[in-house]
Amino acid sequence: MDNPVEHKSERLYDRWDIHQRIQHWFMVLSFTLLTVTGLMMHFAYTGWVQKAAQIFGSFENLFLVHLTAAVLMMINAFYHLIYLIVLAFQGKLRGSMLPRIQDAKDIIANLRLFLGFAKEGPRFSKYSYKEKVDYLAEYWGTPVMIVTGLILWFPHVAANIFPRQVIDSAHVIHQGEALLAILVIFIWHIYSVHFTPSFFPMNQVWLTGRLSREVMEEEYPLELARLEEEEKDHER
């Protein structure tokens, strides 16, 4: 079945550069490992987890994989931060992922469409509010997970700095934020990139970095208009 995201016969538009794709690859790998090993540690008392943990050889190995994935996520977060700083110095940082008043208007427009009060939905620019929720959830959650994870990883060091209540709270926050992140990814993100009609069965931008004109018209018409206007300016 043809994927409408990228048709060879149709013009393709660059959307993600290689750095953005690498960051996403690292995030997919680290998040998946953290989710699997984290849930197994949380439910370690159950019989099925004790059997599944044999894949890792022992719970010590499972914990080591969890820590390794955590380090990979920290490196990726640092990579993303440096990437943003470089873009800012180059004057290329548009802040397209930051929430704006228009996002609230787009949400209302979508609700009106879903409820049958409007015939057309919102027209998105570079990123829709759905993608901004993904992004902000990730980069709000990542610092929380890093800080609380480090406290739990080095409790003796943390005990010399923080009171006992902070360490106990870090444990609760780490688990709660992890569960929230899993729900966001498996419900919100998976639907947006796999089950949205324009992208089914998968949005391949994380692999190719490009989208077809057909998808740009359907999902990001304002961004397509901006790109075409830029091309006209270059040609003048």
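I count a residue as buried under 20% relative accessible area, as exposed over 50%, and as partly exposed in between (1.4 Å probe, protein chains only). By that rule, 33% of the 236 residues of the protein chain are buried.

**Ground rules**

I am working with a predicted model, in which local features need pLDDT of at least 70, side-chain atom pairs count only at pLDDT 80 or more, and totals for chains, interfaces and linings use all residues. I number residues from 1 along each chain as its sequence is written, and side-chain values use heavy atoms, with hydrogens and water left out.

**Whole chain**

I looked up the secondary structure and found 10 helices and 2 strands. Helices here are DSSP runs of H or I with at least four residues, strands are runs of E with at least two, and both are numbered from the N terminus. From the N terminus on, I read the order as β-α-α-α-α-α-α-α-α-β-α-α. The C-alpha trace spans about 65 × 40 × 40 Å along its principal axes.

I then took the contacts (heavy atoms within 4.5 Å). Of those with a separation of 6 or more, 69% are between residues 24 or more positions apart. The accessible surface comes to about 15,100 Å², and carbon and sulfur atoms hold 67% of that area. That area is from the Shrake-Rupley method with a 1.4 Å probe.

I checked UniProt, where an unreviewed entry lists residues 15-195 as "domain: Cytochrome b561 bacterial/Ni-hydrogenase". Such annotations may be inferred rather than shown by experiment. Over residues 15-195 I find 76% helix and 0% strand, with the end C-alpha atoms 20 Å apart.

**Helix α3**

Which residues of α3 are buried? The list is Leu-62, His-66, Leu-67, Ala-69, Leu-72, Met-73, Asn-76, Ala-77, His-80, Tyr-83 and Leu-87. Their cover includes α1 (18-42) and α5.

I also looked at Thr-68, which sits in α3. Thr-68 is partly exposed, at 48% relative accessibility.

**Helix α4**

I repeated the span check on α4 (residues 101-114). Its 14 residues should span 20 Å, and the end C-alpha atoms are 20 Å apart, which agrees.

Asp-103, Asp-106 and Asn-110 are the buried residues of α4. They lie on the same side of α4, because they cover an arc of only 55° around the axis. I take that arc from the directions from the helix axis to the C-beta atoms. The cover over these residues includes α5 (129-153). On the face turned away from the buried side, I find the exposed residues Ile-101 and Ile-108. After α4 comes Gly-116, with a positive phi near 85°.

**Salt bridges**

I searched the whole structure for salt bridges (a side-chain nitrogen of Lys or Arg within 4 Å of a carboxyl oxygen of Asp or Glu). The search gave 9.

One of them pairs Glu-231 with Arg-11, at 2.2 Å from N to O. Glu-231 is in helix α10 (residues 221-235) and Arg-11 in the segment before β1 (12-14), so this pair ties together parts 220 residues apart in sequence. Both ends are partly exposed, Glu-231 at 27% and Arg-11 at 43%.

A second pair is Arg-213 with Glu-228, at 2.3 Å from N to O. Arg-213 is in helix α9 (residues 213-219) and Glu-228 in α10, and the two are 15 residues apart. I find Arg-213 partly exposed at 26%, and Glu-228 partly exposed at 24%.

How far apart are the closest N and O atoms of Glu-230 and Arg-226? I read 2.6 Å for this salt bridge. The two residues are separated by about one helical turn, because they are 4 residues apart in α10. Glu-230 is partly exposed at 36%, and so is Arg-226 at 27%.

How values were computed:
The expected span of a helix is 1.5 Å times one less than its number of residues.
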